[in-house]
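I opened my notebook for a first look at this structure.

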Amino acid sequence: MKDKIVIVTGGIRGIGKAISIAFCKAGAKVYAFGRNLPNSKTDFSNDETVINNIEFVKVDVSNLEFVSDAISQIAKKESRIDILINNAGITKDNLIIRMSESDWDDVIDINLKGTFNCIKATSRIMMGQRYGRIINIGSIVGTIGNAGQTNYAAAKAGMIGLTKSIAKELASRNITVNLIAPGYVDTDMTNKLSDEQKEFFMNNIPLKRVANADEIADVVLFFASDSAKYITGQVLHVDGGLAM
Ligand code: NAP
């Protein structure tokens, strides 16, 4: 990853933070996008390599204009963008009869449209350089569904179609596009689950434990590496066997 230019959306907390740190430690220069930035790099990490290799960018991924501006500034400064990791995501769970229109719109706008926005703003740059790795963070819920998450499941399922279609569009330019679908990862997002929901997952995960964010970051690193250069358009569940 040495000197690779990497964008990680939602790269400041949770799974995205683990991804940002993993790429920084592997020698990449990482631009971490988020709506709320840390006060300082030392608030984010005390590892010197991470501090040297990370930049924070305040961007709401659901807004194409903001995304395009941020990405063109990075491309201007670095002359290239090698790897895009679309990780930013939210949940606004409710049963369909109680789900508001804005809960639907917000989840689709950030998870699905946010991914479209970042790929749209990056793909021309990657096409020009005849190289790119795009890795989308979906969810097993996009494959198996989940009661109370129609908005989130629809967004994550949409990301699968988007991944495969863009993989076909960009393959001839040496750009791979893949999706990693985590199961239950210990982050702020899952801390919101009720005890019953947590117990349901624990009882149904064959490996009998939740993932930590580093275990997702490891797989992202693999998809971005040369070892994965012949893999595109794939969905990989990283879920301890939950969605088998
Ligand atoms: P998290 O701890 O809640 O972090 C979400 C990240 O996304 C934050 O950094 C947040 O930063 C950023 N974000 C949210 N809305 C954004 C926006 N409009 N623009 C830019 N950044 C935005 O969640 P997580 O668990 O790490 O989840 C990361 C990804 O993994 C998500 O796509 C999620 O759907 C997926 N996933 C998680 C799990 C799990 O068990 N945790 C399972 C399957 C899939 P700001 O709030 O500062 O903007």
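**Entry 1: the model.** I noted at the start that this is a predicted model.

**Entry 2: around the ligand.** How many residues surround the ligand? I found 28, and the closest are Arg35, Asn87, Tyr152, Val185 and Thr187. I then looked up some pairs of atoms. In the side chain of Asp60, an N or O atom is 2.8 Å from a nitrogen atom of the ligand. The side chain of Lys156 has an N or O atom 2.9 Å from an oxygen atom of the ligand. For Val185 I wrote down a backbone N or O atom, which lies 2.7 Å from a ligand oxygen atom.

**Entry 3: how I describe helix pairs.** I use the angle between the axes and the distance between the axes to describe two packed helices.

**Entry 4: α5 with α7.** Helix α7 spans residues 150-170, and its axis comes within 8 Å of that of α5, crossing at roughly 15 degrees. I therefore call α5 and α7 roughly parallel to each other. The crossing of α5 past α7 is right-handed. Which residues of α5 meet α7? On the α5 side I listed Asp103, Trp104, Val107, Ile108, Asn111, Leu112, Thr115, Phe116, Ile119, Ser123 and Met127. Their partners in α7 include Tyr152, Lys156, Met159, Leu162 and Leu170. By class, this contact of α5 with α7 divides into 14 nonpolar, six polar and two charged residues. I was pleased to meet two names again: Tyr152 is among the residues closest to the ligand, and Lys156 has the side-chain atom I noted 2.9 Å from a ligand oxygen.

**Entry 5: α4 with α5.** Next I took helix α4 (residues 64-78) and helix α5 (residues 101-129), which pack at about 30 degrees with their axes 9 Å apart. That angle makes α4 roughly parallel to α5. I saw a right-handed crossing here, too, as α4 passes α5. Leu64, Val67, Ser68, Ile71 and Ala75 of α4 meet Asn117, Cys118, Lys120, Ala121, Thr122 and Ile125 of α5. I sorted the residues of this contact into seven nonpolar, three polar and one charged.

**Entry 6: α1 with α10.** At what angle do α1 and α10 pack? For helix α1 (residues 14-25) and helix α10 (residues 213-224) I have about 50 degrees, with the axes 8 Å apart. The two helices are therefore oblique to each other. I noted that α1 passes α10 in a right-handed crossing. From α1, the contact uses Gly14, Ile15, Ala18, Ile19, Ala22 and Phe23. From α10, I picked out Asp214, Ile216, Val220 and Leu221 among others. The contact of α1 with α10 has eleven nonpolar residues, one polar and one charged.

Terms used
Residues are numbered from 1 along each chain as its sequence is written. This is a predicted model: local features need pLDDT of at least 70, side-chain atom pairs count only at pLDDT 80 or more; totals for chains, interfaces and linings use all residues. Side-chain values use heavy atoms; hydrogens and water are left out. Axes are lines fitted to C-alpha atoms, for helices over the stretch in contact, and angles run from 0 to 180 degrees between N-to-C directions. Helices (H or I, at least four residues) and strands (E, at least two) are DSSP runs, numbered from the N terminus. Angles under 35 degrees count as roughly parallel, over 145 as roughly antiparallel, 65 to 115 as roughly perpendicular and the rest as oblique. A crossing is left-handed if the near helix is turned anticlockwise from the far one by less than a right angle, and right-handed if clockwise. Contact means heavy atoms within 4.5 Å. Ala, Val, Leu, Ile, Met, Phe, Trp, Tyr, Cys and Pro count as nonpolar, Asp, Glu, Lys and Arg as charged, and the others, Gly among them, as polar. A residue is near a molecule or strand if one of its heavy atoms lies within 4 Å of it. A polar contact is a pair of N or O atoms within 3.5 Å; within protein, one must be able to donate a hydrogen and the other to accept it, and residues adjacent in sequence count only if both atoms are side-chain atoms.
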